[in-house]
Amino acid sequence: LYELMGETKKSGDEADKAIKELSPDYTQISQLGEAFRNRNMLDKAFQTYAKGEQLLANPNQFAIPKAEILAQKGDYEKMFQTYFDLIDYNESYVSLVQTSLTMVVNFDDEKDTKVDLLRAEILKRIQKNPSSEPYTDMLVWYFQQKNDFGSAFTQVKALDKRLKMEGQKVSEFAGLCINNDQYEIAAKAYDYIVQLGPSAPYYYTAQTGLIDVLYQKIVVKGYYTPEELAMFETNCQKIITEFGDGAETASLKVKLAHIQAFYLHKHAEAMGGLSTALEIPGLSEMQKAEIKMELADILVLTGSIWDASLYYSQVEKAYKHDVIGHEAKFRNARVFYYSHDYKWSQSQLDVLKTSTSKLISNDAMNLSLLITENLGLDSIAEPLNFYSDAELLFFQNKDEEAIKKIDSMNKAYPFHSLADEALFLQFKVAKKKGNMDGAKKLLEEIIAKFPTDILGDDAIFNLAEMQHYHYKDLEKASELYKKIMFDYPGSLYEVEARKRFRILRGENIN
């Protein structure tokens, strides 16, 4: 009231009186400090918290609100010191301090002086105590916010050596790198652990982690080099030889066979390896099912689609109510689609639309819709026959023949309803061949001509990935991920697009 009346001195006296009469009561102190903050009386709020800490005999009891007040006043150096004094008091506050700092520091703004002040304060604390794990963690976190995972790795490696953690810290960091699409750094991290030797406790984890990183790059992302394919095969074979041909390495044999068959064209070697794997004693039934699924895929690849169907049927029968059983049913339905038995294929796909796996139900709906739209009452099956043949040829790595099928379809039926699907298949062929500029144009054509069709979000997401991983145009990639989030709600890509958008914005994905 005095403040509103312009009685500044009386107002100050009343505020001082309130602070002076505080008792050692946490709730009372908090409420008075908050009341001052709500009235923008920041100095009085700060004094309240400082007095409260004295009364409670805890110099860091109100460190967070004190630091927030210092931030409001622009005293960032003291703000950092206050936050870090809290970490000195209790290391468990590291995560809370990191969250608070992200609200204040703009790591993307090169002109933000707070970024340099933060780094200086972290280094100062490390110099005081070189073996301090919390501040090395803070420095790693700092580099992650700067999207400098290379420097972060250097710090993690140094800490791991200093604290004699035998790769534990580096292994955790590698997982963080994978979550943030930093595959090259993750591979270096795992390689560092491998170099510690077989006696290191995380040696096998690192070996398999290195394989998983390469597998993600090759199979999931689709951006890899011939050298990485050769490295994958060599590393897999090395681990299987080192750890033995047993149940523990069965999953590696499945991945090795997939790369050998679909990327290195070593069909006989891949099938031989899987057949041998099926005979390994001690395999679980689930491991056998996974081997049969991969074996069936390779049989489709080599043209033995009905032999493949038998394996799919075995897995489906054994796991009717599990995801792997649903996946087997879908792949078997696709075999009948390839053989032009659309009626039977669709009857199986209709069952899968209610699958608990969103990915499988989405794939089933898409293929079912493709059949329905192109086999209507006034439609003929011939264009769909051309297209299903082209899809099978693409699956079998017969890319030139697949393109010829598409060209034949376009020539025979120039006004068919499969135009967007045809373009998307041509995109996949161009990408596989490394013709990224051609692949990009095909995606842009789909987006321009068919934005609301079933492949609209597929085209945008794939273009975003291309800008992200191939062209390294992070701004364009970010825009495209954002477009998925806002223009295609409910898209299968929405969750991943949101994650990638956050990564490109500089957020740390744990």
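Trp306 is partly exposed in this predicted model, at a relative accessible area of 45%.

**Aromatic pairs**

There are 22 aromatic pairs in the structure. In one of them, the ring centres of Tyr215 and Phe232 are 5.9 Å apart and the planes meet at 35 degrees, so this pair is tilted. Because Tyr215 belongs to helix α12 (residues 203–221) and Phe232 to helix α13 (residues 226–243), the pair ties together parts that are 17 residues apart in sequence. Tyr215 is buried, with a relative accessible area of 17%, and Phe232 is buried as well, at 0%.

Trp306 and Phe336 form an edge-to-face pair, with 5.1 Å from centre to centre and 70 degrees between the planes. Trp306 sits in helix α17 (residues 305–318) and Phe336 in helix α18 (residues 323–338), so the pair ties together parts that are 30 residues apart in sequence. Phe336 counts as buried, at 15% relative accessibility, while Trp306 is partly exposed.

| Residue | Relative accessible area | Class |
|---|---|---|
| Tyr215 | 17% | buried |
| Phe232 | 0% | buried |
| Trp306 | 45% | partly exposed |
| Phe336 | 15% | buried |

Ring pairs also join Phe262, Tyr337, Tyr338, Tyr342 and Phe395 into a cluster.

**Nonpolar cores**

The largest nonpolar core has 55 residues, of which Val300, Tyr337 and Tyr387 touch the most other members. Helix α16 (residues 285–301) gives the most to this core, contributing nine residues. Leaving aside residues up to four places away in sequence, Val300 touches Ile305, Ala308, Tyr312, Val335, Tyr338, Leu392, Phe395 and Gln396. Another core, of 49 residues, lies apart from the largest one and includes Tyr135, Val156, Val170 and Ala187. Tyr337, named above for its contacts within the largest core, is also a member of the ring cluster. Tyr338 and Phe395, both touched by Val300, belong to that cluster too.

On the surface, Leu1, Tyr2, Leu4 and Met5 form a nonpolar patch, with about 520 Å² of accessible area together. Met5 is in the segment before α1 (8–20) and is exposed, with a relative accessible area of 54%. Thr8, in helix α1, also counts as exposed, at 57% relative accessibility. Thr8 and Gly325 are 317 residues apart along the chain, and their C-alpha atoms are separated by 77 Å.

Terms used:
Residues numbered from 1 in each chain as written. Predicted model: local features only at pLDDT ≥ 70, side-chain atom pairs only at ≥ 80, totals over all residues. Heavy atoms only, no water. Patch = residues over 30% accessible without salt bridge, like charges linked within 9 Å, V, L, I, M, F, W, Y side chains within 5 Å. Areas by Shrake-Rupley, 256 points an atom, 1.4 Å probe, with all protein chains shown as cover. Salt bridge = Lys/Arg side-chain N within 4 Å of Asp/Glu carboxyl O. Helix = DSSP H or I, 4+ residues; strand = E, 2+ residues; numbered from the N terminus. Buried < 20%, exposed > 50% of the residue type's maximum accessible area, 1.4 Å probe, protein only. Core = buried A, V, L, I, M, F, W, Y, C linked by side-chain atoms within 4.5 Å. Contact = heavy atoms within 4.5 Å. Phe/Tyr/Trp six-rings, centres within 6.5 Å; stacked < 30°, edge-to-face > 60°.
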